[in-house]
Amino acid sequence: MPKVSVCIPTYNRRDYLPLALKSVYAQTFKDYEILIVDDGSKDGTREMLQASGYTGRYYWFDHIGQQATRNKLLELAQGEYITFLDSDDELFPHALEILVQMIDENGPDTLAFGPYVGLDENGREIPRKQRKVPIPFTTADLFEYIYIHTGGTLFARRLYLKEGGFNANMRRCGTYRLMLDFSMKYKCIGTDRPVWKKRRHGGNATEMNYEWRAMELKMLEDFYYN
């Protein structure tokens, strides 16, 4: 059983997925598996992977949705710990080594996380101000600012499954809500050193609009009161 399952959900990301995979192959920590769940791509992703000689596990489903795709990854993974990597994002070479070390030092029920560096569609860095991770880290800190994302985290697969995984009915903020719930039960340890690269481009949901803000507010109100 590998120590870490690098879980990659993808949907029509044939052009970016090879960059994500390359960043995993470059990891200094080598005890991992790569698992891809394809949420119904129709852009030749499967053929691209076959031509590339990709040897990890690949599964295709008929567009079940983002959160359901993440749950499939949890179901199919074989690693003791899970890290998610969106197929248009990348890891720094030291990412897994840092996150695994954080868990080794703080216990197996720890959620380890780190910040990202923004990239544009051409791979150029987008300047952004990094917030220092509060120590100790509390749910109140996460409620105020989204320090923990789907990417750049490491958490035990058994705990993801114990807590029921992602809410497949949430169109937005499903990850944020789950991390808030986790922070109430488990130790969250962050590093200020960036461990992943988040790519912004015309094909992903990066811009914020009124509807999405309203969804986030509704989720936060529900979490706060209930």
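Q: What is the strand order of the open sheet of four strands?
A: The order is β5-β11-β7-β8, with mixed pairing; strands are DSSP runs of E with at least two residues, and helices are runs of H or I with at least four, both numbered from the N terminus. This is a predicted model, in which local features need pLDDT of at least 70 and side-chain atom pairs count only at pLDDT 80 or more, while totals for chains, interfaces and linings use all residues. Residues are numbered from 1 along each chain as its sequence is written, and side-chain values use heavy atoms, with hydrogens and water left out.

Q: Why are β5 and β8 said to stand at the edges?
A: β5 (90–91) and β8 (125–126) each have a single partner strand, so one side of each lacks a neighbour in the sheet.

Q: What makes β5 and β11 a pair?
A: Pairing requires that DSSP find at least two bridges between two strands. Two bridges join β5 to β11 (residues 196–199), and the strands run antiparallel. Within this pair, E90 stands opposite K197.

Q: Which residues of α1 and α2 meet?
A: L17, P18 and L21 in α1 meet T45, M48 and L49 in α2, contact being heavy atoms within 4.5 Å.
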